[in-house]
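User: Could you walk me through how the helices pack in this one, and then what sits in the core?

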Amino acid sequence: MNKQIQLQDLGNKDYKLTWDYQEQLFKDIVIDKIRNRREGANLETKNHFLFVEHPHVYTLGKSGDLSNLLLNEKQLAEKNATFYKINRGGDITYHGPGQIVGYPILDLENFFTDIHKYLRFLEEMIILTLAEYGLKTERSPGETGVWLDVGTPFARKICAMGVRASRWVTMHGFALNVNADLGYFDNIVPCGIRGKAVTSLHVELNQKKINEDEVKEKLLKHFSKLFEAEFIESN
């Protein structure tokens, strides 16, 4: 089992271009797995982890409701935002500057074959990372992602998640609000959940700006421990 993960930080990159890149990496892993099963090729399947920051974009998962997007095409253009229907789970979400987006593209057969466990590990990575900043975050029953003050009128989400998996290969991932402009969330019903707020790390810590590279280092540290994986830099 290959527990090495090739790490790439794509910087600020268009959503569709990144999605296409994810799809290619995903497809390459699936092709190797099919060859292993059909031909006994015994190929070592690769794992990838992409960090990226997207320009303003709204994405709707395959089970999502389009009515949760509260803007028309003209209003999207005025806000310099784009919109895509995509093939992950979950409803609608926003990506934009000041948000750390992570896309693990893993062959879970290198780690464990349990999608529920995979999602809980992603949540745990976020929870452990935010604990280093003095925040107590947690899961909300029946609602994937990471939250503060669950079960109170002040419940608010700080990290959204949505994944796709086929043949135990994953894509898409998580979006952690670090220095995000929360005003963009006012244009959607985030994740299709009404009446609950969204927050960002810089808001919770009452700081103008958080060091995003430092947050990424902490995320990778906890991810590697949870998955017993080793990151290697990939160009």
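**Helix packing and core**

Analyst: This is a predicted model. In it, Tyr118, Phe121, Leu122, Glu124, Met125, Ile126, Leu128 and Thr129 of α3 meet Val215, Lys218, Leu219, His222, Phe223, Leu226 and Phe227 of α5.

User: What classes of residue make up the contact of α3 with α5?

Analyst: By class, that contact has 11 nonpolar, 2 polar and 2 charged residues.

User: And at what angle do the axes of α3 and α5 cross?

Analyst: The axes of helix α3, residues 115-131, and helix α5, residues 212-227, cross at roughly 135° and come within 9 Å. Because angles over 145 degrees would be needed for roughly antiparallel, α3 counts as oblique to α5. The crossing in which α3 passes α5 is right-handed.

User: Switching to the core, how many residues are in the largest nonpolar one?

Analyst: The largest nonpolar core has 37 residues, and those with the most contacts inside it are Ile126, Phe174 and Leu176. Two or more residues each come from β1 (4-12), β2 (48-53), α3, β8 (143-148), β9 (156-166), β10 (169-177) and α5, with α3 giving the largest share, 8 residues.

User: Which residues does Leu176 touch?

Analyst: Leaving aside residues up to four places away in sequence, Leu176 touches Gly98, Gln99, Ile100, Ile126, Leu130, Ile158, Cys159, Val215 and Leu219.

User: What else is there, apart from that core?

Analyst: Another core, of 16 residues, lies apart from the largest one, and among its residues are Phe26, Leu50, Ile86 and Val169.

Methods: Residues are numbered from 1 along each chain as its sequence is written. This is a predicted model: local features need pLDDT of at least 70, side-chain atom pairs count only at pLDDT 80 or more; totals for chains, interfaces and linings use all residues. Side-chain values use heavy atoms; hydrogens and water are left out. Axes are lines fitted to C-alpha atoms, for helices over the stretch in contact, and angles run from 0 to 180 degrees between N-to-C directions. Helices (H or I, at least four residues) and strands (E, at least two) are DSSP runs, numbered from the N terminus. Angles under 35 degrees count as roughly parallel, over 145 as roughly antiparallel, 65 to 115 as roughly perpendicular and the rest as oblique. A crossing is left-handed if the near helix is turned anticlockwise from the far one by less than a right angle, and right-handed if clockwise. Contact means heavy atoms within 4.5 Å. Ala, Val, Leu, Ile, Met, Phe, Trp, Tyr, Cys and Pro count as nonpolar, Asp, Glu, Lys and Arg as charged, and the others, Gly among them, as polar. A nonpolar core is a set of buried Ala, Val, Leu, Ile, Met, Phe, Trp, Tyr and Cys residues joined through side-chain atoms within 4.5 Å. Buried means under 20% relative accessible area, exposed over 50%, partly exposed in between (1.4 Å probe, protein chains only).
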